[in-house]
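Have a go at each task before reading its solution.

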2 protein chains.
Amino acid sequence: MEYLAKLHKKSILHSTQCLVRFGLQAIHSNFREVIVTFGILSRLLIGRPLHNIELGHEKLPKWKALSIFSSDAISSVGYGPEQVAIVLAVPGILAYGYFSDVILAVVLLLGIVTLSYVQVAKANPGGGGSYSVAIHNLGELPALVAAASLFADYVLTVAVSISSGTDALISAFPGLVGKEVTIDLIVLVGVLMLINLRGVRESSNVFVLPTYLFILGMLVMISAGIYQALLGAGPVIPHESVARQQFDMAMLVLVLRAFANGCSSMTGVEAISNGVPMFEEPAVSNSIKTAVLMSGLLGFILAGVGFLIMHYHLMPMENVTMLSQLAENIFGRDWFYYYIQITTMLILYLAANTSYNGLPPLLSILAKDKYVPRYLGYRGERLSFSNGIVLLTFSAGLLIWIFNGNVEHLISLYAIGVFLSFTIAQVGLIVYWRKEKSANWKMRSAINALGALTTGIVVLVIGESKFESGAWIIVVFIPIMVYIFKKIRRHYDDMAEQLHLSMDKGNPFVPAKPGRNIVVIPIASPTKVVAQTVLYAKTISDNIIALYVATDPEEAERIRTKWNACDTGVPLATVASNYRLVIQPILTFIGKLEREKRPEDFITVLIPEFETNKWWHRFLHNQTGLILRTLLILRDNVIVTTIPYHLKK
Amino acid sequence: MEYLAKLHKKSILHSTQCLVRFGLQAIHSNFREVIVTFGILSRLLIGRPLHNIELGHEKLPKWKALSIFSSDAISSVGYGPEQVAIVLAVPGILAYGYFSDVILAVVLLLGIVTLSYVQVAKANPGGGGSYSVAIHNLGELPALVAAASLFADYVLTVAVSISSGTDALISAFPGLVGKEVTIDLIVLVGVLMLINLRGVRESSNVFVLPTYLFILGMLVMISAGIYQALLGAGPVIPHESVARQQFDMAMLVLVLRAFANGCSSMTGVEAISNGVPMFEEPAVSNSIKTAVLMSGLLGFILAGVGFLIMHYHLMPMENVTMLSQLAENIFGRDWFYYYIQITTMLILYLAANTSYNGLPPLLSILAKDKYVPRYLGYRGERLSFSNGIVLLTFSAGLLIWIFNGNVEHLISLYAIGVFLSFTIAQVGLIVYWRKEKSANWKMRSAINALGALTTGIVVLVIGESKFESGAWIIVVFIPIMVYIFKKIRRHYDDMAEQLHLSMDKGNPFVPAKPGRNIVVIPIASPTKVVAQTVLYAKTISDNIIALYVATDPEEAERIRTKWNACDTGVPLATVASNYRLVIQPILTFIGKLEREKRPEDFITVLIPEFETNKWWHRFLHNQTGLILRTLLILRDNVIVTTIPYHLKK
């Protein structure tokens, strides 16, 4: 281990030198060297490679697990209640009065979902969440639907959490208004992606403090708020916060939409059940205790914040979050106000990080099952699933950029996917309990059935009430993703079948008849590079043809004389090209060779390529070789070899 | 020839089928196939390839030559006088009165320049213009300065002529205001580039009619205008057109600037002297007669238009050219007004075409002298210098796009380059006459000296008076271009030297000691593609190593067992990669081989590459092979061969 640390130190020193080199080379030199140095630059930012033996599973005590897994769920109070109020605070309509009902319904639903998810932990202690449950119990299609909605969730969690975190920051510092997207992207790429590329362990430690600081802040704020409310002169809940219009269809739609929005407060509850293997033994019971504690805290904070919003009769405002208004009402713009804003921002940014712990492992499971490109399953130099991390960053960044960092628009996309995967997991568990028939299986089935029913209804409510404002995107997205998953699986299956070695027709590594190798060298005139190519050709075959395309008969005669004078030992074939085409005659010539050769023979085309010394010299040479290579590679039994010639000047 | 025509017919039919295929493939299939079909699509637009024997030099009679070569010069009246007025018509200053002086000075200068250029035709009957004159008489540096300014001129001619042509169109049809740049680019790419890619002969016939129609229109308009002026009630030249302020330094600057602008009316005069070889015999005397006729016409039209502008006291207006105002004043918005506008537009677009006849041959001369990339000198399928044509189109399009089709801004860039190359050509001729000492050489030198002096002064005037408004760009551009020309020449010279075959140390085509070929095949597991690669390897060497990078020891053991079971006849080398890197261990392994091998040996790395059946399948395979190839190509004596494996599904 000491050796590794030393290595690390050395690599930092080395990287700093390389950073300078990178800058110089980007101006000065070759594209290829830039690629090489890019690798070294990434070393500087990401850190030294980690040895396989360093991959260990840290086991988390409950207090640490609570903070790591709950940042996503608990941070949702940063936008959940606000999303309810946005729907209900329509001017001219007395809808605000239903705020309390909606918040209560959300808290109730939270209880049911928690209860059901406790079962997931029991049934599926290996982690993996909805996709794992579904693939083992329900089959491919539901599993892929779950995978698609999980993918959408994880990406949306990142986008929504980061945008909300930035909103919290902007509320406290209005001078930053207008720079939201920039801040979002810096946090996303510069902080989250880098931390996660550096690897799991370092990132997880970052979680512990901010989550507790935020919970503490919320508890203090709620206590202070209730204290003020009870001692205050006015009514604890003012009349305008409970005034309601008659409940009719239009109002029902409004309330359902508010509820659908409010369900976003519940996102992230599933995190613990997906992470059971990371708990200290006894993992299952520890994880259940943690889940219950988390939901309890979340429910309490939700209810408390909801109550205080009604007490102060807060309205949604542009550029100032309701949590910010609340803190300002209770504490004024005091230091504690800034404490609330900063911890809110931190916990939201950290909530985004939950996806980085969730999606890349999910993608690696999908990659093992061949539903996504295989390289999404590789661990990078730092043992993290680097390709998955980059994919997540790119997708979330794209979303933030398209929606201009506007949380409200993103949230309508959000909840439907979350609840769809909730429902699938619950249904999967019902099947599981029925198969298992372990103790209390009927009771357990019943709990999951209740969960499935409730979350299924929520899916329908959200789908219906928010269809036009964006939920349709998810409805379109999921089938497309499922289709893509299946196509990818199909390709890999096809490929495996095509690549499978069969010994039936003899050993495929040993030719039935020994093949010959016919070497073709297209030349423009006898030069050093041609000489080098001929030398190489002589080591791989004794059947070599130099090929000259003659666009001008006199020039052709000159080249032929020169070639013969060189005594190359290689015959020169000349083909006339009266239309001044160069590539077509070569293709025709090789086509003729192909028809004449025996099936076991190969044709090797040697294409000399100049490796120029300065990057711009590259533009002084035509790309005939490249085009020829591209076209020849389409043919069977024609092998293209590039012979690099390094120009020194 | 009949055979060729039949071929043409067949190729059109074929191309139409291909157009459909192209659309389908762009959606459906492989990037490579798109390249292939792109070639066929271009056949449809550009026409069948032309045989070498079809390259003939059409000889032009005077009446045809006049119209072909003079469109550039004569069309300049479309913007020249206007550019003078723009400077002089400053509100609040009585500068307009100097309009007549400036126009007269321009006409006088035109006379001198024509006289000098007649000498160019005599001294340089092979064509080629300023660059040829300078390289033969003055040396490399002046020649390159001339080449750079000619390059700038040709590109600017295209940009300015097209923008002005579109201005003429917009004046007649104000509904098109705002679409200038779009129209410019459509004319540039869709008409000029295509016509010229189709080839010289077809394009040159397009010239004849519009030029004469324009000249006719101008003569009618000037006659009608003078007739109206003489019969009119008011003064022939109203007082406000000749009212002048006192002539001081500020006014001098203004007048010089107006003169500098006015010199743009003279661009294109050199065209005839560059095209002497295209005239019917006696070419020189025919070309001189044509040049004098052209200058006479241009001078007359300039003077006439200038007079009428003063008579009507016209002022420059946004979106309406002065020629359009003039025609409207004389004829009203009658059919003849539209005749003037349309022929103006046509001749201006055709003037742009002059550059297409001028720049690509100049580039091909420069390419022969190795000052520009060699492929700029190749004749394309249609015998035109297609690369040069595309370069010209791209440069002019970029200019139009950057300057938003605004002629005024472009003109300040224009004249300085034109007059710089005028001056260089004249100086070159003085040297030529002194060397030649033919009859009248003193007289001839004197004429060219006068020309050089005058045009040299004009360069200084323009450079000084328009420096800030854009001429500095040319002043910066020319040295940069000269530097680039020299660097390119240097690279080609270096390359020729490096590629030069020397027989001193024995025949370079025959190895001193016969080299061996060590073949390395990086594998992931024994599959069909590996089997195919091994079969190929066995045809090129009997020294083959399969290389497996083991990121996981158990997996490595499994692969090793599988490999041995296959009885491949090829030893498997396993290198452990505990940091999960794949490329680095392969590079290290090959590095070790490189150090161990003898200098005459080669190392061939065979990289299997999947040729996927659908384009998107490509994204399902990682690009390790590509990166490996890129990095290995940097090494000496390491040859990289791609073994394509065509997936059928």
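## Exercise 1: the interface

Between chain B and chain A, about 8,000 Å² of area is buried, and carbon and sulfur atoms give 62% of it. Buried area is the accessible area (1.4 Å probe) that two parts lose on being put together, summed over both. The model is predicted: local features need pLDDT of at least 70 and side-chain atom pairs count only at pLDDT 80 or more, while totals for chains, interfaces and linings use all residues. Residues are numbered from 1 along each chain as its sequence is written, chains are lettered from A and ligands numbered from 1 in the order in which they are written, and side-chain values use heavy atoms, with hydrogens and water left out.

**Solution.** 
- Step 1: Count contacts, meaning heavy atoms within 4.5 Å.
- Step 2: Look for salt bridges (a side-chain nitrogen of Lys or Arg within 4 Å of a carboxyl oxygen of Asp or Glu). The count between chain B and chain A is 0.
- Step 3: The same surface serves both copies, as 99% of the contact residues of chain B recur in chain A.

## Exercise 2: a serine in a helix

**Task.** Decide whether B:Ser355 is buried or exposed, and list what it touches.

**Solution.** 
- Step 1: B:Ser355 is in helix H15 (residues 335-368) of chain B; helices are DSSP runs (H or I, at least four residues) numbered from the N terminus.
- Step 2: Check the accessibility. Buried means under 20% relative accessible area, exposed over 50%, and partly exposed in between (1.4 Å probe, protein chains only). B:Ser355 has 1% relative accessibility, so it counts as buried.
- Step 3: List the neighbours. Not counting residues up to four places away in sequence, B:Ser355 touches B:Tyr154, B:Thr157, B:Val158, B:Pro360 and B:Leu392.
- Step 4: Compare sequence with space. B:Ser355 and B:Val158 are 197 residues apart in sequence, yet 6.5 Å apart C-alpha to C-alpha.

Methods:
Helices (H or I, at least four residues) and strands (E, at least two) are DSSP runs, numbered from the N terminus.
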